[in-house]
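Dear colleague,

I am passing on the structure below, followed by my notes on what was found in it. Please read the notes with the coordinates open beside you.

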Amino acid sequence: MKNHDFESAYIDESGDIGAKGSKHLVLTLLCTAERKRLNFIIREAKKHLLDNNKNARWFNRHGEIKYSGFPDKNLLKNTLKNLSELDLRIYYLVFKKNGN
């Protein structure tokens, strides 16, 4: 990959913007030119989880995998290992919320 020459970008948030709830709001941006490999890794993890875990607390209605309640820690570890082998960049911002 050359100097931020990315094909795809993904953004996610953790926390909430409300006055109550989490103490922080985290925005994360993942950029990669390896979109197909990234999608394959995530698709395989979802398929494995859906085949083996009928209780889908870790899977929201938008198809997003949630770490909270993730039922298969070995699969999580392997998925993160596979993701770490991709050529990608991760950027993040952390906001401390007032009143917490």
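Helices (H or I, at least four residues) and strands (E, at least two) are DSSP runs, numbered from the N terminus.

This is a predicted model, in which local features need pLDDT of at least 70 and side-chain atom pairs count only at pLDDT 80 or more, while totals for chains, interfaces and linings use all residues. Residues are numbered from 1 along each chain as its sequence is written, and side-chain values use heavy atoms, with hydrogens and water left out.

Leu75, Leu76, Thr79 and Leu83 are the buried residues that helix 2 contributes, where buried means under 20% relative accessible area, exposed over 50% and partly exposed in between (1.4 Å probe, protein chains only). They cover an arc of only 100° around the axis, which puts them on the same side of helix 2; the arc is that of the directions from the helix axis to the C-beta atoms. Asn74, Lys77 and Ser84, on the other side of helix 2, are exposed. The buried residues of helix 2 pack against helix 1 (35–52) and strand 3 (88–96), a contact being heavy atoms within 4.5 Å. At the start of helix 2, the backbone nitrogen of Asn74 has a side-chain oxygen of Asp72 within 3.2 Å. A polar contact is a pair of N or O atoms within 3.5 Å; within protein, one must be able to donate a hydrogen and the other to accept it, and residues adjacent in sequence count only if both atoms are side-chain atoms.

For helix 1, the 18 residues should span 26 Å at 1.5 Å a residue, and the end C-alpha atoms are 26 Å apart, which agrees. Its buried residues are Leu38, Ile41, Ala45 and Leu49. Seen down the axis, these fall within an arc of 65°, so they line one face of helix 1. Their cover includes strand 1, strand 2 and helix 2.

Turning to the strands, strand 1 (residues 8–14) pairs with strand 2 in the antiparallel sense over seven bridges, two strands being paired if DSSP finds at least two bridges between them. Strand 2 and strand 3 also run antiparallel, joined by nine bridges, and Leu25 stands opposite Phe95 in strand 3.

Two residues of the strands deserve a separate note. Ile11, in strand 1, has Leu29 in strand 2 as its bridge partner, and is exposed, with a relative accessible area of 66%. Leaving aside residues up to four places away in sequence, Ile11 touches Thr28 and Leu29. Thr32, by contrast, belongs to strand 2 (residues 24–32) and is buried, with a relative accessible area of 0%. The side chain of Thr32 reaches the backbone oxygen of Asp87 at 2.9 Å, and a polar atom of that side chain lies 2.9 Å from the backbone nitrogen of Glu34.

As for the whole protein, its two helices and three strands follow the pattern β-β-α-α-β along the sequence. Of its 100 residues, 22% are buried.

Methods
The expected span of a helix is 1.5 Å times one less than its number of residues.
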